[in-house]
Amino acid sequence: MSWKPPPASAERLRAKLDDEFETVAKPQGLRRSSDARREQEAESGAAPELWRRSSEESGSRRGRRSAVAEAGQEAEDKSVRKGPSLKMRAVGYLSRREHAREELARKLAAYAEDPAEVEAVLDVLEKEGWLSTERFAQSLVHRRASRQGAARIVQELRQHGVDDNQVAELREQLRATEYDRALEVWKKRFDAKPDDRAAYAKQARFLASRGFAHDVIRRILGAGDED
């Protein structure tokens, strides 16, 4: 049997398949080459270097944001502290009413960084005549005397740090007028003296709560049966 050449159609089909194989093979070859480069970079340390740079940039951004936040907080703190001086604040308080030294020191402490600043300002105010604990004590007695007894007023004077000698002197003055003051307070609250033990106890508790002495209460209400 003799050999015969393949028909032309078979030759054309084989050429077409060869072309298609070559076309498909090229991208795959490129992909394999790209993968190889990435693997090579990973092995050579390129990937960790990129990661390190990214981390450094992220940390730098966080550091800048933190610095801005701290600067803003510092500015806010300065803004809060900024305002009238301690002396001007103190004069403002004293222009409204008299203050004892300890009372004014407590109010100024919120605006001072150092307690020594407050003490220095108070010394100056006393020297200039703005601040006087003695004057405060007399003012307080004047405001309270028409409504309260000596015991209540003396207690408040001591709470404000008034000197014991001045407190004793003011207490004697208050005791000298205790009966008259208590009688006026009682008249404003009650129409008549108590007619039984319950009424007596009610009126006596009222006067005692205002700080009036028990001997004064008995003089106003009578002996009663409270014993």
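What follows is a dialogue that sets values against definitions.

Trainee: What should I know before reading any value?
Mentor: This is a predicted model, in which local features need pLDDT of at least 70, side-chain atom pairs count only at pLDDT 80 or more, and totals for chains, interfaces and linings use all residues. Residues are numbered from 1 along each chain as its sequence is written, and side-chain values use heavy atoms, with hydrogens and water left out.

Trainee: How many helices and strands does the chain have?
Mentor: The chain has 11 helices and 0 strands. Helices are DSSP runs of H or I with at least four residues, strands are runs of E with at least two, and both are numbered from the N terminus.

Trainee: What makes Val185 count as buried?
Mentor: Buried means under 20% relative accessible area, exposed means over 50%, and partly exposed lies in between, with a 1.4 Å probe and protein chains only. Val185 has 6% relative accessibility, so Val185 counts as buried. Val185 lies in helix 9. In the chain, buried residues make up 27% of the 227 residues.

Trainee: Which residues is Val185 in contact with, leaving aside neighbours within four places in sequence?
Mentor: Contact means heavy atoms within 4.5 Å. On that basis Val185 is in contact with Ser146, Arg147, Phe206, Leu207, Arg210 and Phe212, leaving aside neighbours within four places in sequence. The C-alpha atoms of Val185 and Gly149 are separated by 9.8 Å, and these two residues are 36 apart along the chain.

Trainee: Is Glu103 buried or exposed?
Mentor: Glu103 has a relative accessible area of 8% and is therefore buried. This residue is found in helix 4. Not counting residues up to four places away in sequence, Glu103 touches Arg97, Phe136 and His160.

Trainee: And His160, buried or exposed?
Mentor: His160 is buried, with a relative accessible area of 14%. His160 lies in the loop between helix 7 and helix 8. Its contacts, leaving aside neighbours within four places in sequence, include Glu103, Phe136 and Leu140.

Trainee: Why are helix 7 and helix 8 called roughly antiparallel?
Mentor: Axes are lines fitted to C-alpha atoms, for helices over the stretch in contact, and angles run from 0 to 180 degrees between N-to-C directions. Angles under 35 degrees count as roughly parallel, over 145 as roughly antiparallel, 65 to 115 as roughly perpendicular and the rest as oblique. The axes of helix 7 (residues 150-159) and helix 8 (residues 164-176) cross at roughly 160° and come within 10 Å. Helix 7 and helix 8 are therefore roughly antiparallel to each other.

Trainee: Which residues meet where helix 7 and helix 8 pack?
Mentor: Ala150, Ile153, Val154, Leu157 and Arg158 in helix 7 meet Val167, Leu170, Arg171, Leu174 and Arg175 in helix 8. By class, this contact has 7 nonpolar, no polar and 3 charged residues. Ala, Val, Leu, Ile, Met, Phe, Trp, Tyr, Cys and Pro count as nonpolar, Asp, Glu, Lys and Arg as charged, and the others, Gly among them, as polar.

Trainee: Why are helix 3 and helix 4 oblique to each other?
Mentor: Helix 3 (residues 86-96) and helix 4 (residues 101-109) pack at an angle of about 130°, with their axes 10 Å apart. Helix 3 and helix 4 are therefore oblique to each other. In their contact, Leu86, Arg89, Ala90, Tyr93 and Leu94 in helix 3 meet Leu104, Lys107 and Leu108 in helix 4. The residues of that contact divide into 6 nonpolar, no polar and 2 charged.

Trainee: How do you know that the buried residues of helix 11 line one face of the helix?
Mentor: In helix 11 (residues 214-221), Val216, Ile217, Ile220 and Leu221 are buried. Seen down the axis of helix 11, these residues fall within an arc of 120°, so they line one face of the helix. The arc is that of the directions from the helix axis to the C-beta atoms. The face turned away from the buried side of helix 11 carries the exposed residues His214 and Arg219. The buried residues of helix 11 pack against helix 8, helix 9 (178-189) and helix 10 (197-209).
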